[in-house]
Amino acid sequence: MRTIALPETRYHIELIKENNPEIDLYLIRRNSAPYEKSLPLGANFSFFEADQFSFNPIRSIKANRNLYNNLSRLISESGAGRVIIFADAKPYHKYIIDCCIKNGMDVELWEDGLGYYIGSGYKYRFIAKSLIKASFGAYSKGILSEQHRRNEIVTRDRFLQKNLRYPVQEPIFKESLDRIAFIGQPLVNDRYLSASRYVSVIESIYDQSGIMVDYFPHPREQPMTFNESKVRVVEGVSTQSYLCTVKYLHCTTAFSTAILNLSGDNRSFCPGLFGLKKVERALSKYPELGVRIINDFSSVGWLGK
């Protein structure tokens with residue numbers, strides 16, 4: 001059976017390599033990061049486009065119609081019987097699932113992180129954005145749901161069904177720091193809260209604990225200016241690899257998937273600290289993730305031991 005896969009990050013490509021399916025064709029979304037450079041040597045790949053918007057609704061509707069038709073043609077001409085995708089929330093994800101089911105192809109949804117379990121954490125915000133996308137020509141079936149036809153496709157994940165492998169990198173610590181590591185996220189860019197509020201919350205971790213915070217920025221977030229007596233920004237490193245060589249008292253994040261790829265008991269989510277109570281409630285439903293949820297860092301010294 002011919003198989004096509006639609007990886008959208010290097011992490012997805014690592015999942016494919018670890019779970020070892022034979023991929024006949026990779027479909028890479030154009031204008032994304034150049035993930036094709038991470039594909040296995042000699043891999044066959046093509047580009048596709050979908051969900052593009054402009055300030056002209058009529059132009060957007062026409063363009064998206066053509067893009068979906070081209071995507072359908074790519075899938076059909078591949079001769080595949082199995083399609084592997086890594087998300088099902090965006091309009092083009094739903095289009096791919098519907099197109100494949102309609103044409104008798106097996107669809108597998110592989111977990112790509114927290115979004116697989118909790119979605120965006122803010123359903124009404126997701127619905128509002130989705131309706132706007134639909135008005136500009138995005139595929140509209142299932143647009144109000146962050147999960148699409150999961151009862152009709154194969155789902156594979158690391159923590160619930162445990163039918164997907166991903167090797168958590170075992171730490172080889174070369175040094176220890178009596179500090180708290182914070183894995184950043186583009187919460188300001190994604191309009192969850194203001195820059196000043198975001199900075200204040202990160203600095204409050206020091207205020208609660210009295211322990212210096214090392215902040216690891218997300219590649220997509222804007223530069224932040226912190227009080228350097230409380231927070232040090234660590235740049236130019238691969239966060240996951242770095243945190244496997246430098247031992248911290250504690251490692252925390254609002255709700256970054258990256259923390260799932262680390263091992264140990266000194267890890268936490270802290271969305272409530274940012275006022276993200278809906279995200280906190282969603283995460284609390286999944287103790288299988290193995291990461292505690294905390295809002296008070298005053299005891300982080302003994303929490304991390």
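**Salt bridges, rings and cores**

Me: What makes Asp-190 and Arg-220 a salt bridge?
Reply: Their closest N and O atoms are 3.0 Å apart. The rule asks for a side-chain nitrogen of Lys or Arg within 4 Å of a carboxyl oxygen of Asp or Glu, so the pair qualifies. This is a predicted model, where local features need pLDDT of at least 70, side-chain atom pairs count only at pLDDT 80 or more, and totals for chains, interfaces and linings use all residues. Residues are numbered from 1 along each chain as its sequence is written, and side-chain values use heavy atoms, with hydrogens and water left out.

Me: Why is Asp-190 called partly exposed?
Reply: Its relative accessible area is 27%. Buried means under 20%, exposed over 50%, and partly exposed in between (1.4 Å probe, protein chains only), so 27% falls in the middle class. Arg-220, at 45%, is partly exposed too.

Me: What does the pair of Asp-190 and Arg-220 tie together?
Reply: Asp-190 lies in the loop between strand 7 and helix 6, and Arg-220 in the loop between strand 8 and strand 9, so parts 30 residues apart in sequence are tied together. Helices (H or I, at least four residues) and strands (E, at least two) are DSSP runs, numbered from the N terminus.

Me: How do you know that Arg-150 and Asp-88 meet in a salt bridge?
Reply: The N to O distance is 2.8 Å, so it passes the salt-bridge cut-off. The two residues are 62 apart in the chain. Arg-150 has 18% relative accessible area and is therefore buried. Asp-88, at 4%, is buried as well.

Me: Which ring does the charged end of Arg-150 sit over?
Reply: The ring of Tyr-116, 4.5 Å from its centre. The rule wants NZ of Lys or CZ of Arg within 6 Å of the ring centre and within 35 degrees of the ring normal.

Me: How do you know that Asp-214 is buried?
Reply: Its relative accessibility is 0%, so it counts as buried. Arg-232 is partly exposed at 34%.

Me: Why is the pair of Tyr-198 and Tyr-215 called edge-to-face?
Reply: The ring centres are 6.2 Å apart and the planes stand at 85°. Rings of Phe, Tyr and Trp (its six-membered ring) pair if their centres lie within 6.5 Å; planes under 30 degrees apart count as stacked, over 60 as edge-to-face and the rest as tilted. So the pair is edge-to-face.

Me: What makes the pair of Tyr-215 and Phe-226 tilted?
Reply: Their centres are 5.1 Å apart and their planes at 45°, so the pair is tilted. Tyr-215 is buried at 1%, and Phe-226 at 9%. Ring pairs link both into a cluster with Phe-182, Tyr-198 and Phe-274.

Me: Which residues touch the most other members of the largest nonpolar core?
Reply: Ile-96, Phe-182, Tyr-198, Ile-202, Leu-243, Phe-255 and Phe-274, out of 77 residues. A nonpolar core is a set of buried Ala, Val, Leu, Ile, Met, Phe, Trp, Tyr and Cys residues joined through side-chain atoms within 4.5 Å. Helix 3 supplies the largest share, 6 residues.
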